[in-house]
Amino acid sequence: MARVTSMKLLPSRAPASVLGPIVAVLARAGVTPNMLSVTGLLGNGAAGLLVARGDLIAAGIVMLLASGLDMLDGALARATGKAGPVGALLDSTFDRVSEAAVLFGVLWYALDRGHDDQAALAFVAIVGSLLVSYVRARVEGLGGRLTDGLFTRAERVVLLALALIFGFLRGALWVLAVLTLVTAAQRLYLGARVLGGPGGTAGGTP
């Protein structure tokens, strides 16, 4: 397959100089990668409930903290020699559920206040974010490798959390709805190139 490249907005991982000391402390404390994954899932579930109740600032803060654990579980797994397919499966699944939980909270919040446009945008954002991940999984299931994408989970998490904290939810939902669909289409295009060529890799943010 021919090598495929594409732009990315945020790095997929924090610098090792930042993650290393944190991971070392967690490892010494006996924390496992799965503990971080489950805590992140529960935290994002709580953020979704906070949004539904209208506690947007608290929800944004909880979402940032819980999603930040996603940067640590993989690094901890690699540092402790516990990286494996089961952990990777759980991590990817929990990430999807976490994002959907917060966006469902946004949808509920919008419907409860009669903001039908925001509810529709939240629904589109949920579908778009799942499509972004599905296209990657399908390409890799067919033997390719595809991790690139303009608006992947890191960008989506940061935008939605900041929107909740600083009060620009409607604008953020427009960006999420449009760019998740654009990224799904982008990955579909890149995936077709990866699978259709004689060899190569598409790299970037997960």
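Here is a walk through the packing and the charged pairs of this structure. It is a predicted model, in which local features need pLDDT of at least 70, side-chain atom pairs count only at pLDDT 80 or more, and totals for chains, interfaces and linings use all residues. Residues are numbered from 1 along each chain as its sequence is written, and side-chain values use heavy atoms, with hydrogens and water left out.

Let's start inside. Buried here means under 20% relative accessible area, exposed over 50%, and partly exposed in between (1.4 Å probe, protein chains only). Setting aside neighbours within four places in sequence, Leu-160 is in contact (heavy atoms within 4.5 Å) with Met-63, Val-102, Leu-103, Val-106, Leu-169 and Leu-176.

Beyond its neighbours within four places in sequence, Asn-44 is in contact with residues including Met-63, Ser-98, Val-102 and Arg-153.

On to the charges. The whole structure holds six salt bridges, each a side-chain nitrogen of Lys or Arg within 4 Å of a carboxyl oxygen of Asp or Glu. In one of them, Arg-156 pairs with Glu-99, with the closest N and O atoms 2.4 Å apart. Both Arg-156 and Glu-99 are buried. Arg-53 and Asp-55 also meet in a salt bridge, at 3.5 Å, N to O; here Arg-53 is exposed at 63% relative accessibility, while Asp-55 is partly exposed at 29%.
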